Amino acid sequence: MNTFFDQSPYEIKVEWGIRGAKEAARREEILIIVDVLSFSSTVIAAMENNAVIYPFPPPINEKAKNYADQFGAELVVGRAEAIKTGKHSLSPNSFTADDRGKSYVLCSLNGAACVEAAKKVPGLFMGSLRNAQAVAEAALDLQKKSGKPITIIACGERWENAASYENQLRPGIEDYLGAGAIISSLNGLLSPEAFVCKQAFQGSKHELPNLIKKCGSGRELAERGFAKDVDYCLQLNASSIVPVLSGNKFISFELSYLLK
């Protein structure tokens, strides 16, 4: 592995997608995975309603269903199927107070796939615009105890029908701006990559809702009838919930301390 690209010796780093998550995990760093539209935001929404989330890599198939059965959990379906069946989906607004104590398996091409690629790290957090400051504070707390760098993973999207020889990652500005929002609340020596990401957020902060609504991912959701999901996901620092991976599921960062 070429060490030019591991952003050493910096304390705060930025990577993209599944490969970035895998490389940060190999370095045993603290990870904050950012999938604003919508995996990260949906995990936060579920936990705000006291539901239990088990992440699982895509696709949603028989293997995923069997995994959900292990925990007596409901397998969350795609948005189109959810409209027809009334089940839960990657829509954060599909979770309500009625979900208290219930368990769900949540698949995602990007967020859940990045979690799967980076399970064995000192700490794996879910970050979004909604909990940017809270997740930054939690990661800093863990950094003080472990001495490990913090890497923020902007998940991005995937090109549809990409050939096997093509790079499937399609960067998404919503995740880059979400990463920048988190970096803005972190202390420590920033890599050049992290510095530019922070500047992108700070330079765009006054236009944040407009930018995310009009970016490719925001427009796609709105045109599919999920404009309210975009509105939910772009609310900056609206939540204090910090999901951290514990075993196979997400728990709150505060609870993780009590369980040690």
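Reader: Which residues does serine 204 touch, once residues up to four places away in sequence are not counted?

Author: In this predicted model, serine 204 touches Leu177 and Leu211, with residues up to four places away in sequence left out of the count. Serine 204 belongs to helix H8, which covers residues 192–204.

Reader: Is serine 204 buried or exposed?

Author: Serine 204 is buried, because its relative accessible area is 18% and the cut-off for buried is under 20%.

Reader: How should I read the largest nonpolar core, and which residues in it touch the most other members?

Author: The general idea is that, in soluble globular proteins, nonpolar side chains tend to be buried together. Here the largest nonpolar core has 42 residues, and those touching the most other members are Ile32, Phe125, Ile150, Ile152 and Ile182. Several elements each supply at least two residues of this core, among them strand S2 (30–34), strand S7 (150–154) and H8, while H6 gives the most, with 8 residues. Phenylalanine 125, leaving aside its neighbours within four places in sequence, is in contact with residues including Ile30, Ile32, Leu142 and Phe253.

Reader: How many aromatic pairs are there, and what is the geometry of the one between tyrosine 54 and phenylalanine 71?

Author: The structure holds 6 aromatic pairs. Tyrosine 54 and phenylalanine 71 form a stacked one, at 4.1 Å centre to centre and with 20 degrees between the planes; planes under 30 degrees apart count as stacked. The two residues are 17 residues apart, with tyrosine 54 in strand S3 and phenylalanine 71 in the loop between helix H3 and strand S4. Tyrosine 54 is buried, at a relative accessible area of 10%, whereas phenylalanine 71 is partly exposed, at 26%.

Technical notes: Residues are numbered from 1 along each chain as its sequence is written. This is a predicted model: local features need pLDDT of at least 70, side-chain atom pairs count only at pLDDT 80 or more; totals for chains, interfaces and linings use all residues. Side-chain values use heavy atoms; hydrogens and water are left out. Helices (H or I, at least four residues) and strands (E, at least two) are DSSP runs, numbered from the N terminus. Buried means under 20% relative accessible area, exposed over 50%, partly exposed in between (1.4 Å probe, protein chains only). Contact means heavy atoms within 4.5 Å. A nonpolar core is a set of buried Ala, Val, Leu, Ile, Met, Phe, Trp, Tyr and Cys residues joined through side-chain atoms within 4.5 Å. Rings of Phe, Tyr and Trp (its six-membered ring) pair if their centres lie within 6.5 Å; planes under 30 degrees apart count as stacked, over 60 as edge-to-face and the rest as tilted.
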